[in-house]
Structure formats: C-alpha cells, structure tokens
4 protein chains.
Amino acid sequence: MNKKLNVTIWNEFYHEKNNEKVAEVYPQGIHQVIADGIESASKIRTATLDMPEHGLTEEVLNDTDVLIWWGHMAHDKVEDAIVERVHQRVLQGMGLIVLHSGHFSKIFKKLMGTTCDLQWREVGEKERIWVVNPAHPIVEGIDRFIELPQEEMYGEHFDIPQPDELVMVSWFEGGEVFRSGCCYSRGAGKIFYFRPGHETFPTYYHPQIRKVIDNAIKWAAPVARPTPTYGHAPEPLEKIGQ
Amino acid sequence: MNKKLNVTIWNEFYHEKNNEKVAEVYPQGIHQVIADGIESASKIRTATLDMPEHGLTEEVLNDTDVLIWWGHMAHDKVEDAIVERVHQRVLQGMGLIVLHSGHFSKIFKKLMGTTCDLQWREVGEKERIWVVNPAHPIVEGIDRFIELPQEEMYGEHFDIPQPDELVMVSWFEGGEVFRSGCCYSRGAGKIFYFRPGHETFPTYYHPQIRKVIDNAIKWAAPVARPTPTYGHAPEPLEKIGQ
Amino acid sequence: MNKKLNVTIWNEFYHEKNNEKVAEVYPQGIHQVIADGIESASKIRTATLDMPEHGLTEEVLNDTDVLIWWGHMAHDKVEDAIVERVHQRVLQGMGLIVLHSGHFSKIFKKLMGTTCDLQWREVGEKERIWVVNPAHPIVEGIDRFIELPQEEMYGEHFDIPQPDELVMVSWFEGGEVFRSGCCYSRGAGKIFYFRPGHETFPTYYHPQIRKVIDNAIKWAAPVARPTPTYGHAPEPLEKIGQ
Amino acid sequence: MNKKLNVTIWNEFYHEKNNEKVAEVYPQGIHQVIADGIESASKIRTATLDMPEHGLTEEVLNDTDVLIWWGHMAHDKVEDAIVERVHQRVLQGMGLIVLHSGHFSKIFKKLMGTTCDLQWREVGEKERIWVVNPAHPIVEGIDRFIELPQEEMYGEHFDIPQPDELVMVSWFEGGEVFRSGCCYSRGAGKIFYFRPGHETFPTYYHPQIRKVIDNAIKWAAPVARPTPTYGHAPEPLEKIGQ
C-alpha cells in the first residue's frame, strides 16, 4: 500500500493579504496551514491564483496525485483553460479535495453539473460535524462528531448530486443542517467535498479537521490501472449472427 | 396513473391503552389519526398487535399495496412467522412505510440487515426536518423544512444501510442530526423510513407530516410487472461454444 | 396523481434528411415516432435543431414538464446559450430524458460533469436489455428483459457518474455490457438516460421501448413545491450563543 | 497505511471431498488456493464447516480483520449462533468478502435483507467481467475486463439491495448479464460480493481474480475509530428551550 503521494494545495490567497482578521489567523496563507497538517504526502506543493497559470501547469498537475482546493472571493478570476485542464486530470485519476467555499469554484461546479448553491450565515456560530458512515476510511480516528466553536454556517438545500457516499452531516447552532462530507467518483478520479474552513476561524489548525483531510488524501489517491478504452470498437469480441 | 391503492396501517396500540398522556393525544390510537390524514388510498385498513395474526393475515397482506408500521414497546411480541410473511410480501412488491420507533421493529431490522440502533432523548425538544432532495416525489408540497415544536430526539449514528435516496435530515435543538427520510428498494418492494411520531406528541395531526406520508404511499405503490425468474435456467438464450 | 404533463421532444433531425436508410425507417423524423408512442402526456410538442432557438424558446421550456432529447451528428451546432437555458430549467425541475447518442450532447455532458464517453460498434447486433431494479416505476409493464434483434453496440466503460438508481443493463451479442437505464436527480429535476435508439433501426416502434419512455415521462415529472432558498440567511432560526 | 491485516478464509470444504472433478481442480480445497493468491495479509487462517464452531470461534473472529466466505451445498448446516456471531463482528467493523455461491449463505442473506436469489446455468460458458467503476481501489491493476473461458452463469435479476458502489458487471456467452462486483457498508463493516468461482473451474488460480480479491481485502479492512454511541442520551449537548 504505502503509496508515494504528491499533493498540491491550491489557495486563492487573497483574503490573507486584504483582510487583517484573516491575516492574523493565517499569516502565511491558508495553504501553508493545511500543508502543515498533512502527514500522508511524500511531496507537498502549494499553488495560488496569482502565479503563472495559477501554479497549475501541465507539469505540476501531471505530477500531482491529489489536489486540494480553497477559493472564495475570486472564483471568476480562475481561467477557464486551467479549469479545463484540472477537469481532465481529475477524470484521468487525480484526486480532488474541495474545501468550504470551494463549493462555488468553477472546477467543482463543472464536475457536479449543478449550481452547488447553499444558504450561508457569517456570525461565528457553533458547528458539530456528525459522522454518519462509521465504516468509511475518511473518518478513521474521528470520534462520533467534531465540534467547532465558531464557523460560518452553510445550510441545506445544498444543490449537489446525491453523494456516492455521504460521510458527515453538520449541525449548526442557528438551526440548520448540511451534508458536510461528500464522496464522488468521476471518470477515474475521486472527489471529496469537506465543508469547514472559513477564513476568519482557525479551523485548519484543528487536529480532527487535519485528520479528515489527511484521510481524504489517502482515499482520493489515483488507482493504478490502464486507461479505459473509448470510441470505435469495430471488432466484436464474439462471433456475431449465427 | 391514478392507481387504486389499498393501505393497511399497523399499530402496536399499547401505549394508547396504558398511558394517559398518550391516550389524550391519540384517544382512538395512532393508527386512526394516521388514517385520517391519508388522501391517496382507495381503501384503508387498520391492524393491531392483539388481533389474530396481528391483523396481518395472508388475505389482508395480499390485498395491501402499502403497509404502514408503527411499533415501540412490544416489538418482541410480533411473531416471527408474521414478520416472515410481511418480509416476503415486501420483496414481492408491497410498499412499506416504517415510522419513528418502528426503526427497531423486527421487520425493519430484517430488511435492513443492520442493528438499526440510534441515540434518543425524550425531553420534548424542537425538531426541524430539512429537505435535502427537492426533486423527490415524497416532498411534493413540502417547503424547505418542517418544524415540530416538540419531539423525541433521534441522533446519529443511525445504524442503517446508506439509503438509496436520502430525502430529509433532521436538526434537533439539543445538538444532534438524523437522517429522517430514507428510501430503499428491496426485491420488488419499496421502503420508506420516516422518523417523526413520538406517541406523546401530536405529530401525526401535523398537515405537512401527513402530506409526506401521503406522498410516500404513492411513491411506495407496487410496480405492475411479471415476477422475476429465479433458479435454474438450463437453456441458454444464445448458442454457446462456436 | 394524474398530472397534466407537457412533453417536448427535441430531435436533431439531420440523419433523416441526409440518409436514405434512416429516412426509410423514420420518414417523418425520429421525434414523430417517439411522439406516437407516448400515452402519458396531455400535450406533446416537437422541436428540432434548425428551428429558431432550436425550438427551445423560454416560452416552450417554461411550458414543458419533461424534455426528451435525441441528437448525434450535430451536437456542436447546439448553441451554448440554449444549452444553458435547458440546464437551468432542469435544475429548476423540468424532467429530461436523454436517448441513445444523446450521451454526447452538450446538455447531458454539462449535467453529468464527465466525458460521457463509451465504446461503440455499428454492425446491427442483438441487444438484450435486462431489468436489474424490478421495483422501479420505469420498468412497470416490462418483463425481465427487452430484446432488440439489431442495434448499435454501446459498451463499458461508460464514463458517467454512478447513477442514483441503475434500472437496466444491456447485453450485446458481440461481447460487451452497458448500463442502459440510468436515473439521476440534479437540482429539482430528474434525468433518465436510456440507451437504445440507433437511427437505422426501428427501435422506437418497439412497444416495450415505448413503454419505458412513457414510464420515464411520469417518473421525471416535476415535483410541485417551493423553490429552495439560497444565499445569505442573516437571521438564525434559533438564538445563538447562550 | 500498510496495515497489518489478519485474513480468515472460510470454506464449506465439501465438494472437494465428494466430487472427483472438484478434487482435481482444488485438491487441498478452494480455501488453500485462495490463500495462495493473497499478498496483502500479514496472517492468513483457514476455517471450514466441519471444524468446531465451524472454525469461527470468538477468538478467531476477534483476531480477523477480513473474512472471506465460500459455501454452496451446505449453507443450512452453518449454525445460526455462528452466523449471528459473524454478523455482529461485521457490524463492528470486520470486512467480509462473499464469493460466488456464497450469495445464498445465511450471513450474506442476513446482511442484505433480501432473498439474494438469481438465475444460474452450469454448462461452462465464457464470462467476461467488465469494470464499470475505474476509480475504485478494488480494480487497481485490472484491465477493462477479466475474461474467464469457462464459468457457471449467474444472471439477473440478482435480488440484492442496490450496491453502494457497483464496480463490475459480467457478460455471459449464453445471453445474460450480472452485477458481479458489489460494495456495501453495513454498520462499521464493509462487504464485497464477488461473483466468480465455481468449484469445477480453476477460477481462483487466475491472476486477475486473485488481484481483485487482494484489493478487496485492503478495501474492506476495518476503520480504526471509536465505536459509535447508541441508546439513551439524556443530557442534551446544547441548552434547550430558551
């Protein structure tokens, strides 16, 4: 098993530079704090919006097993050509972990085929993330719930396809629920959406949140096998028309 | 479409006779109040634990399109032979709607293959049942959530198979969440588990709760088609071994 | 139940005008033969690629409960603005039935988020469509399989998301299998992909194929309920922070 | 990752002693040949029907991470108490891999809640097992299909719950299809049903079949986490009734 996993963490990296409150929580950027929490990777890269090609060159993506995505205020600034490139890589097997406000990223909406819309409220209320599938490798080491004293609320209806596997559901102090841990297969790739991680709260320092992300990296790792054959198959495998 | 639907409502019918508080809420029994809320049935029967064969004779079951099940304190008093009979009818196409504490009924556990265990608390807290699948016919006419001022709490982990379709998720004032509207296909039959309905609260008088049950009856109605062929199929459909 | 259903059948309508063999089988167009087989609609419209806005104006779509889609050689000629319009309508509740080569239509790929690629062979081999979910309303009246003496082969891997419900799987004489009846919910809409229907074979005259399409129309009908609320929800439903 | 995995292979072990043809193919028993193909286990035990407690003592099961099950002619001879013990262990996290005719074992039927019936034919026809989910770890190293020159036919309808993940579908020379690779979560345990392996054919010597079983062991390994809390939870996590 022990696969060597190359992980690339993509972060918009705008809030941290434009908002003092965010800068206090994530002075080097959300991507650096996420990187500090990862134990299962053999190589970790970070990439941000302002880098050439947003840091997601063909070379980088072809050397990435699992891509983590955090974005919020500048989804529209991500070039369609790069989104297309990431989309193709996911369908070819690269794992993708979409965090929090990444629900509205171009890549997530393109993969889901829905609006990915939801309800939200930003008052710093309590969130309790309940495990609903205790057999899933993504919750290894996680107790029956993870409690976050302050988070942004995301509430249903969350306009996503029914997850192939629903792993976690959030309770919010203000009265809403949310499907917070959602697994999908698309093409040869696996996708995990994980809700928590508002930029003004220290969520990505939380050891249980870090554990979920680390588990998700292992779960989303590519499956080594031949690429499926598509297109014209003129020769039947069996004799036809006896 | 307009199918003629024969519905049988099964109720343990013990609490109502042994508990004044319950008798006040459901003087004629929970089954009668559920019956009063059904609009989609062409015939409604009720059956209770103390009737011969628990009211679930071959004749009754063979004339039932959808069976509704409410039980709590006397699950063990239901005879295994009757459970086996209901199980066979469901697999042959009869719809089954399991309500609230029916999660621990022999028939539901037999169909699920799991313990169907959960957490519970009986302090009369607020429940808000959120719709997570707005495309599902079971939520026709239902707004984004149903609010119940007082209910028993059921909390995750709910030990059931992942639903084929998850339609509703509950929020509880005390801090828990629960998968409250769960759809399954088993054999030729459809099963809907619907969480609310503690015996001391007037939940089954609530028009939105009644609407969900009425929708579920239509959804769970049998599909008219030949019974699948099983067993030895000696003659191949195609020539073999050229 | 008996809903009034307005059905619109969209057909590219090119093969029938450019290929004698197709014209012989479908002289008035595939859409007319599909229309002739529908019993559950209260109104049937047809629309084709060469009509203004491809016949899919706002007015038409807003008055359509279920849209049927057949396309093949001119997927790229469908304007993105119209695809976007159909996409929005599906997410708002309009049912969509995608037939055969429609797997490569812009609208299906946009809703699935995958390539929707597959293997194909056009030698007119035998197909046997097996029912794998006998409880599903889409197979009402269908026996254990539907046999088509001659069809185009579509083979796995079919690059689609795992269906919410897999209803039918095809066997092909040449040695392949295919997931032929696939149900999805997206937003408030329901989508059914149904494999058979190559333009050179009289598949849409087959009574069992017509029955499946008619069942699918009823299954995919919109669910009458309030549109979900999305976006900023500043007021918590509960008091926060005691 | 590299977990130490203790695997127990349970085989009825009757055919091999009572049928010359089977004895020729599996002289030491099917369990030994399956054992020879496993690379991912740190310890492999075998257990058979005639052993005390069928070789499935509390001690053995408590030290088993993944149990493999092959049975056919003597399902009824398996004691209910042992079935109950295995059932509890699966729900507590032990992985279970059910092979071929194990579809009719007491443990599989108990976990599925359905008849698990199917069609079968024993003429030694060709089977081609197609991969329909290329992202799944169970097909790591497997090409687009596995071809077996001679196998028993199993055909739809296979009366099982819709798999949480459908990984493989079989084509049979005689004209049928079958869902051959089916993944389920039940309680804290994972279950994989894998179709091939008739006692008169050398299927378990096939390197690709062995690879699938080895992958399934890794996939089904228990998830290390606290056991969920069930039952009465008198103390709300939040203040109630402001």
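How many salt bridges does the structure hold over all chains? The structure holds 60 salt bridges over all chains, a salt bridge being a side-chain nitrogen of Lys or Arg within 4 Å of a carboxyl oxygen of Asp or Glu.

This is a predicted model, in which local features need pLDDT of at least 70, side-chain atom pairs count only at pLDDT 80 or more, and totals for chains, interfaces and linings use all residues. Residues are numbered from 1 along each chain as its sequence is written, chains are lettered from A in the order in which they are written, and side-chain values use heavy atoms, with hydrogens and water left out.

**A salt bridge within chain B**

One of the salt bridges joins B:Arg195 to B:Glu127, with the closest N and O atoms 2.5 Å apart. This pair links distant parts of the chain, 68 residues apart. B:Arg195 is in the loop between strand 9 (189–194) and helix 7 (207–220) of chain B, while B:Glu127 belongs to strand 5 (residues 119–131) of chain B. Helices (H or I, at least four residues) and strands (E, at least two) are DSSP runs, numbered from the N terminus.

**The annotated span of chain A**

An unreviewed UniProt entry carries the annotation "domain: ThuA-like" for residues 6–220 of chain A. UniProt positions are given in the numbering used here, feature names are shortened, and annotations may be inferred rather than shown by experiment. In the model, the end C-alpha atoms of this span lie 12 Å apart, and the span is 26% helix and 33% strand.

**Two interfaces**

| Interface | Buried area | Residue pairs in polar contact (both at pLDDT 80 or more) |
|---|---|---|
| chain C and chain A | about 3200 Å² | 19 residue pairs |
| chain D and chain B | about 3200 Å² | 20 residue pairs |

Between chain C and chain A, the contact (heavy atoms within 4.5 Å) takes 43 residues from chain C and 43 residues from chain A. In chain C, the residues that lose the most area to chain A are C:Trp120, C:Tyr230 and C:Ile240, together 17% of what that side buries. There are 0 salt bridges between chain C and chain A. Among the elements of chain C that each supply at least two residues to the side touching chain A are helix 5 (80–91) and strand 8 (177–186). Strand 5 of chain C gives the most to that side, with 5 residues. By class, the side has 15 nonpolar residues (Ala, Val, Leu, Ile, Met, Phe, Trp, Tyr, Cys and Pro), 12 charged ones (Asp, Glu, Lys and Arg) and 16 polar ones (the others, Gly among them).

Strands also pair across this interface, which requires that DSSP finds at least two bridges between them. Strand 5 (residues 119–131) of chain A and strand 10 of chain C run parallel and are joined by 2 bridges. A:Trp120 has C:His232 as its bridge partner.

Between chain D and chain B, 43 residues of chain D are in contact with 43 residues of chain B. Carbon and sulfur atoms give 56% of the buried area here. D:Trp120, D:Tyr230 and D:Ile240 supply 17% of the area that chain D buries against chain B, more than any other three residues. The count of salt bridges between chain D and chain B is 0. Strand 10 (residues 231–232) of chain B pairs with strand 5 of chain D in the parallel sense over 2 bridges, and the bridge partner of B:Gly231 in strand 5 of chain D is D:Gln119.

Note on methods. Buried area = accessible area lost by both parts, 1.4 Å probe. Polar contact = N/O pair within 3.5 Å; in protein donor to acceptor, adjacent residues only side chain to side chain.
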